[in-house]
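Have the viewer open as you read.

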Amino acid sequence: MNYLVSVVETYRVPTVDEVQSLHEELKNDPHFTLISFSYKTK
């Protein structure tokens, strides 16, 4: 049997406040385990 082990997703959001909101949303999603989260500002 084969199964997916890892996925990397990249999101672009307009503000740091929205980054924080996205982080909370991803942390609380029961469908997966968030292993790492980082962001850069430009």
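What follows goes from the overall build to the helix, the pocket, the surface patch and a few pairs of positions.

## The overall build

First, a caveat: this is a predicted model. The protein has 42 residues, and 7% of them count as buried. For secondary structure, there are 1 helix and 0 strands. The helix, α1, covers 16-27, and the rest of this report uses it as a landmark.

If you're setting up a box, the C-alpha atoms fill one of roughly 40 × 20 × 15 Å along the principal axes.

How many salt bridges does the structure hold? The count is 1. The partners are K27 and E24, whose side chains meet at 3.0 Å, N to O. Both sit in helix α1, and because they are 3 residues apart there, about one helical turn separates them.

Are these two partners buried, exposed or something in between? K27 is partly exposed, as its relative accessible area is 45%, and E24 is partly exposed too, at 37%. Both values fall between the 20% and 50% cut-offs for that class.

E25 also lies in helix α1. With 53% relative accessibility, E25 counts as exposed, since the cut-off for that label is over 50%.

## The largest pocket

How much space lies in the largest pocket? The volume is about 1200 Å³. Its lining takes in 27 residues, and the ones nearest the centre are E9, T10, Y11, F37 and S38. By residue class, the lining splits into 16 nonpolar, 7 polar and 4 charged.

E9 is found in the segment before α1, and E9 is exposed, with a relative accessible area of 53%. F37 lies in the segment after α1, and its 28% relative accessibility makes F37 partly exposed.

L26 is a handy reference point for both. E9 and L26 are 17 residues apart in sequence, with 11 Å between them in space, C-alpha to C-alpha. For F37 and L26, the gap along the chain is 11 residues and the C-alpha atoms are separated by 9.3 Å.

## A nonpolar patch on the surface

Now for the surface. Which residues form a nonpolar patch there? They are M1, Y3 and V5, and together they have about 510 Å² of accessible area.

M1 lies in the segment before α1. At 93% relative accessibility, M1 counts as exposed, because that label needs over 50%.

## Sequence distance and space

P14 lies in the segment before α1 and counts as exposed, at 68% relative accessibility. Take P14 together with K40: they are 26 residues apart in sequence, and their C-alpha atoms are 12 Å apart in space.

E25 and V13 are 12 residues apart along the chain, and 14 Å separates their C-alpha atoms.

## Putting it together

To recap, the protein has 1 helix and 0 strands, and 7% of its 42 residues count as buried. The one salt bridge joins K27 and E24, and the largest pocket holds about 1200 Å³ of space. Its lining has 16 nonpolar residues among its members, while M1, Y3 and V5 make up a nonpolar patch on the surface.

Key. Residues numbered from 1 in each chain as written. Predicted model: local features only at pLDDT ≥ 70, side-chain atom pairs only at ≥ 80, totals over all residues. Heavy atoms only, no water. 1 Å grid on protein atoms, 1.4 Å probe; cavity = no way out; pocket = protein on both sides within 12 Å on 5 of 7 lines; lining within 4 Å. Points joined across faces, edges and corners; volume = space filled by probe spheres on them. Nonpolar A, V, L, I, M, F, W, Y, C, P; charged D, E, K, R; others polar. Patch = residues over 30% accessible without salt bridge, like charges linked within 9 Å, V, L, I, M, F, W, Y side chains within 5 Å. Areas by Shrake-Rupley, 256 points an atom, 1.4 Å probe, with all protein chains shown as cover. Salt bridge = Lys/Arg side-chain N within 4 Å of Asp/Glu carboxyl O. Helix = DSSP H or I, 4+ residues; strand = E, 2+ residues; numbered from the N terminus. Buried < 20%, exposed > 50% of the residue type's maximum accessible area, 1.4 Å probe, protein only.
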